[in-house]
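Let me put the structure up and then we'll walk through a few bits of it.

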Amino acid sequence: MANLERFEKLTTAHVADACIRAGVPVRTVSLTAVAGGRVAGRVLPARHVGSVDVFLEALESAEAADVLVVDNGGRRDEACVGDLITLEAKAAGISGLVVWGLHRDTVDITAIGLPVFSLGALPTGPLRLDPQPADALSWATIGDWTVTRDDVVLGDEDGVVFVPADRADELFDLAESIRDTEHTQAAAIRSGQSLRAQVRFTDYLTARATNPTLTFRQHLRSIRGAIEE
């Protein structure tokens with residue numbers, strides 16, 4: 001498992017840009033942090049069908065720092081996670097919850113303090129109970145992406161991103177390089193050197209006039225810039 005503590009000094013934006021640079025699919029969704037600002041851990045998938053027992057079953061096999069990733073199909077007609085599951089998850093030692101659906105008990109979840117990300121809140125829980133698939137704990141679909149125990153999830157104020165666990169350290173290396181370059185660029189702007197000057201934007205416009213197929217991203221790569229990736 002990758003050293004996920006490295007994410008403490010990164011953002012999901014840095015990691016997403018690193019994915020682009022490494023040719024890794026950018027598997028990200030816009031979710032809001034209900035409590036706690038950040039989360040990082042191996043995916044513990046659970047597909048919800050109307051009852052919390054699937055979450056309890058998932059927690060039976062949880063390992064320290066896992067993140068319970070709940071697939072409720074993005075439904076907005078029911079909340080599928082509340083304070084009791086959040087409290088149980090915290091007691092089980094996992095590092096947070098990521099919910100492709102809605103939560104409830106916002107005040108209590110906030111007080112518990114375990115990081116929880118969701119699409120929003122709704123007072124009512126499920127009013128249905130569907131058959132549970134045999135592989136409900138094998139994978140979860142979040143937005144357009146299917147994730148498994150072979151993935152890690154990283155979340156912050158911008159949303160969440162999923163990356164293959166066996167490539168996380170490689171992506172962190174790239175993300176740290178991108179972060180450092182961007183911090184240097186930001187400091188230069190504050191000191192009076194425009195971003196246009198730093199990225200040689202006039203040179204780019206001149207080169208593009210000669211070669212209309214030249215993209216700004218190609219230009220940035222040629223000068224080791226970090227904007228857009």
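So, to start: at what angle do the axes of helix α2 and helix α3 cross, and within what distance do they come? Keep in mind that this is a predicted model. The axes of α2, residues 53-60, and α3, residues 83-91, cross at roughly 5 degrees and come within 11 Å. Anything under 35 degrees counts as roughly parallel, so that's what we call these two helices.

Who's actually touching whom? On the α2 side you've got Phe55, Leu56 and Leu59, and they meet Ile85, Glu88 and Ala89 in α3. Sorted by class, that contact has 5 nonpolar residues, 1 charged and no polar ones.

Okay, next up, the largest pocket. There's about 180 Å³ of space in there. Its lining runs to 15 residues, and lying nearest the centre are Val52, Cys80, Val81, Gly82 and Arg104. We also meet α3 again here: α3 and β5, residues 79-81, are the elements that give two or more residues to the lining.

The side chains of Arg6 and Asp169 pair up at 3.3 Å, N to O. Arg6 sits in the segment before α1 and Asp169 is in helix α5, residues 168-190, so this pair ties together parts that are 163 residues apart in sequence.

Notes. Residues are numbered from 1 along each chain as its sequence is written. This is a predicted model: local features need pLDDT of at least 70, side-chain atom pairs count only at pLDDT 80 or more; totals for chains, interfaces and linings use all residues. Side-chain values use heavy atoms; hydrogens and water are left out. Axes are lines fitted to C-alpha atoms, for helices over the stretch in contact, and angles run from 0 to 180 degrees between N-to-C directions. Helices (H or I, at least four residues) and strands (E, at least two) are DSSP runs, numbered from the N terminus. Angles under 35 degrees count as roughly parallel, over 145 as roughly antiparallel, 65 to 115 as roughly perpendicular and the rest as oblique. Contact means heavy atoms within 4.5 Å. Ala, Val, Leu, Ile, Met, Phe, Trp, Tyr, Cys and Pro count as nonpolar, Asp, Glu, Lys and Arg as charged, and the others, Gly among them, as polar. On a 1 Å grid over the protein atoms alone, a cavity is a set of points where a 1.4 Å probe fits but cannot get out, and a pocket is an open set with protein on both sides within 12 Å along at least five of seven lines; lining residues have an atom within 4 Å of a point. Grid points are joined across faces, edges and corners, and a volume is the space filled by probe spheres set on the points. A salt bridge is a side-chain nitrogen of Lys or Arg within 4 Å of a carboxyl oxygen of Asp or Glu.
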